[in-house]
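This briefing goes through a protein model by topic. Look at the structure first, then read the points below.

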Amino acid sequence: MKKRKIAKRFVKSKNNVLLLIALILIASVFLASLLRIPFSINAKEKITITEFLMPNENSMPYNIIEGTDGNLWFTEFDLNKIGRITPHGKITEFTIPTEFGLPVDITSGADGNMWFTETVGNKIGRITPNGEITEFVVPTHDSRPYGITRGQDGNIWFTEFQANKIGRITPSGSITEFVIPTEFSQPYDITAGPDGNLWFTENNVNKIGKITSTGEITEFVIPTSGSDPFGITSGPDGNLWFTSCEANHIGRITPSGTITEFSIPTDNSGSQCFGIASGPDGNVWFTEFGFNNIGRITPNGTITEFMVPTQDSSPFGITTGPDGNVWFTEYSENKIGRVNLPSDKGPERDVELLSPFNHGVKWTVFNGYLDNRDQSKDGCGVGENALDHCRNQLFGLDMVPDQQNDTDILTPGNGKVTFRGKLPEENCIGVRITLDNGLNMNICHFASFNVNQGNRVLRGKLLGIRSSPHVHLSLDDRYRIGTLCPGQERCFLPVPFDGEHTLEG
């Protein structure tokens, strides 16, 4: 069974749609039971999964995404609703105005609202944090919009799997469509890439597509034929990751188009795995629909699988939540699941940070200091402004990416945005993030923001676009954290960064 059989055969009659889905689910469960010969599930690692039951039966929760309001938002395919769940599990539902619109995918917009596709209603929907819904008709009739994501250009991008097009909608609702060069490609999922482009899966022709913000499309053939790529996400390593479960693979494609495939331990061939998302732990997570597993793959391709407690729940959509855990939908069992990841909180732990640029991009420190523990009271002379680089910033770096077209500023560590605007200590426009261990991090030189004050942010999340060739990053009250030299105002501790880098100055 293939996921495309669900999506391809959507019909306008709701009765026919529901009958088709019922048949597919029965077939999927039967196939999974036939193939469920003893298989290896990770038993050494202790990870718990919490499940939250939906208020109404047969809602068929489909895709899920972190919202801008600190909650998670998801589509309810059968009940024609948009759902919202808090990190503590409280669920609220909002009915879509168009009857039988059948929402599929959902994303958060730069405007603070959530945007979703109505595949049978042929519309793009927008819902505010308080539940007010507006709908926009896709120009091409019966285009069947499916995947949806936010682009770095501030617009929303979506796939039209029946019309063979990629659509772009502005925050005000103006839609532009771009035809995919390969006919009958059936584009499904779409995501914003680390290179500023949009990347999408072409399920029917075994390709991964890339489209620029101006509509120029490039396609890359997947090495394994008939792999049926479906879900795609931007990974924490600066590459794109996708599911191709007909071939029982998780694929990785670089921004230049080089594809590597990794075999899933459990034989999912033909049994469907769909959702994929970048996790808060530096790994990529995915759902195994037919085998009731949640999978995790490291940047180097090591895969671990975890079984969902409810049998035959058909996990589908997956995302990172505002609480630092991984959340997913249980399509067949009417639940929302949460993978409870180990917390890295703790006042006795040092801080491990990512670069504020894409992981793997080389960067240079041209000003600042690192691991400097022996400076005297007046010994801080690296920065031009002693107040900025010494007294208030017990760790400070001016960082320049070697790739100047890489304008994104990413979150170096998990925490909460506690200030956004002109930072008086830095004398520049930036954000202050209170990390999970209580330390304040300041990041400066923003041209535009992608987060608001009060937002929970995770490592690798897009904070905004930089305004200068470099980004200034600093930590204050460093001496208050850890046990190396507690209480000493002049104590400097090292902060390791992932990724390749050079140190100058």
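In the predicted model, Ala-277 has Trp-285 of strand S23 as its bridge partner. Strands here are DSSP runs of E with at least two residues, and helices are runs of H or I with at least four, both numbered from the N terminus. Residues are numbered from 1 along each chain as its sequence is written. Local features need pLDDT of at least 70, side-chain atom pairs count only at pLDDT 80 or more, totals for chains, interfaces and linings use all residues, and side-chain values use heavy atoms, with hydrogens and water left out.

**The sheet**
- S22 and S23 (residues 284-288) pair in the antiparallel sense over 3 bridges; two strands pair if DSSP finds at least two bridges between them.
- The order S22-S23-S24-S25 describes an open sheet of 4 strands with antiparallel pairing.
- Its edge strands, S22 (276-278) and S25 (303-307), each pair on one side only.

**The whole chain**
- The protein chain contains 3 helices and 39 strands.
- Of its 505 residues, 61% count as buried, meaning under 20% relative accessible area (1.4 Å probe, protein chains only).
- Among contacts (heavy atoms within 4.5 Å) between residues at least 6 apart in sequence, 53% join residues at least 24 apart.

**Thr-75**
- Thr-75 belongs to strand S3 (residues 72-76).
- Thr-75 is buried, because its relative accessible area is 0%.
- Beyond neighbours within four places in sequence, Thr-75 is in contact with residues including Met-60, Ile-82, Val-104 and Phe-116.

Conventions. Buried means under 20% relative accessible area, exposed over 50%, partly exposed in between (1.4 Å probe, protein chains only).
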